[in-house]
Amino acid sequence: MERNDTYMPMETKVVKITDEAPGIKTFRLEFVRERDRKKFDFLPGQLAQFSLMGVGEAAFSMCSSPDKKYIEISVRNVGNVTSAMFGLVKGDTIGVRGPYGRGFPLSEIKGKNVVIVAGGIGFPPLASAMEYMTKNREDYGRIWLVYGVKEVDDLIYSKRMEKWADAGRVEIIQTVEKGCTAWDGCVGMVTQQVKKLKIKPEQTVGLSCGPPVMLKFVSHEMQALGIDADDIHLSMERMMQCGIGKCGHCNIGDKYVCRDGPVFTLYELRLMQEDVW
Ligand SMILES: Cc1cc2nc3c(=O)[nH]c(=O)nc-3n(C[C@H](O)[C@H](O)[C@H](O)COP(=O)(O)OP(=O)(O)OC[C@H]3O[C@@H](n4cnc5c(N)ncnc54)[C@H](O)[C@@H]3O)c2cc1C
Ligand code: FES
């Protein structure tokens, strides 16, 4: 008889934990079974369900490059599963099922310039996209990464950003909402920085992930720069349960974020939520 293992997590071990910022840690996970590692073939922007025995499951997007032997997730401590994860140590077990949904269209946008806008804990899936694009640098044109957080202490991935900048034709702009004496970079919202970009809109696509209100205004600024609604790809967040389009928990209009997203174009979102976008 065929085994139905749709909801059966694959076993991974925590091999590294990095403190990124207050309340944010990155977990590096290795699959216990080689066949599971091979099966977990993800695209930047896709999600997976991560579980702790006796606690529950939560959805995260991978922040590592898809070609690694391990996967990484950056987690903000906000509730049941995430606070239990913050108690884990190297060698502990995390269950993983997925990957699910539609990621960023990195194959389709080859040859284009890319504007990436990340807000707060929306950065992980875009970090995975940056890893991929900087590794396959010749496949893409210029890349602008605009990254915004509330306070300087909230900034993550500083080492990775140095590596991405070294890949060439990558401009990174970091901005904090609340400046301080230790910070001589940009102060203000990401939208103020997007506004200033000098791009060739017909050759450029936009990718973004962050709080809903940020996504709305970022998409407006991208459109104001002349990027087509079909070329603006936004990653949406909803509370999730099944992750596979069965429970109806994560719908936007008649679409499910877990199955049809989490990445949607601005054009698609307008059809789904006319009044919002
Ligand atoms: C596609 C996708 C990708 C994501 N990627 C990341 C990531 O990379 N990093 C990251 O840190 N987070 C990410 N998240 C968010 C993460 O899944 C949630 O924060 C998750 O709820 C955390 O689980 P928890 O059990 O710790 O929190 P919970 O105990 O579920 O609580 C989380 C928060 O949600 C509220 N809440 C709980 N249940 C509901 C409900 N039914 N309706 C409304 N609000 C509720 C709680 O009050 C609390 O504020 C992602 C979510 C999605 C959908
Ligand atoms: S989480 Fe169940 S339908 Fe999306």
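## Nonpolar core

The largest nonpolar core has 72 residues. Such a core is a set of buried Ala, Val, Leu, Ile, Met, Phe, Trp, Tyr and Cys residues joined through C-beta atoms within 7 Å. Buried means that 20 or more other C-beta atoms, placed from the backbone, lie within 10 Å of a residue's own. V114, I116, L126 and A129 have the most contacts inside this core. Helix α3 (residues 123-135) gives the largest share, seven residues. Helices are DSSP runs of H or I, at least four residues, and strands are runs of E, at least two, numbered from the N terminus.

I116 touches L126, A129, M130, I143, W144, L145 and L207, leaving aside residues up to four places away in sequence. Contact means C-beta atoms within 7 Å.

## Basis of the model

This is a predicted model: local features need pLDDT of at least 70, side-chain atom pairs count only at pLDDT 80 or more, and totals for chains, interfaces and linings use all residues. Residues are numbered from 1 along each chain as its sequence is written, with chains lettered from A and ligands numbered from 1 in the order in which they are written.

## Around ligand 1

Ligand 1 has 22 residues around it, and A58, R76, G79, V81 and T82 come nearest. A residue counts here if its C-beta atom lies within 6 Å. Strand β4 supplies the largest share of the shell, five residues.

## Open sheet

Seven strands form an open sheet with mixed pairing, ordered β10-β9-β8-β7-β11-β12-β15. Pairing requires at least two DSSP bridges. β11 (residues 204-209) and β12 (residues 232-235) run parallel over four bridges.

Note on methods: A residue is buried if 20 or more other C-beta atoms lie within 10 Å of its own, exposed if 12 or fewer, and partly exposed in between; C-beta atoms are placed from the backbone. Two residues are in contact if their C-beta atoms, placed from the backbone, lie within 7 Å.
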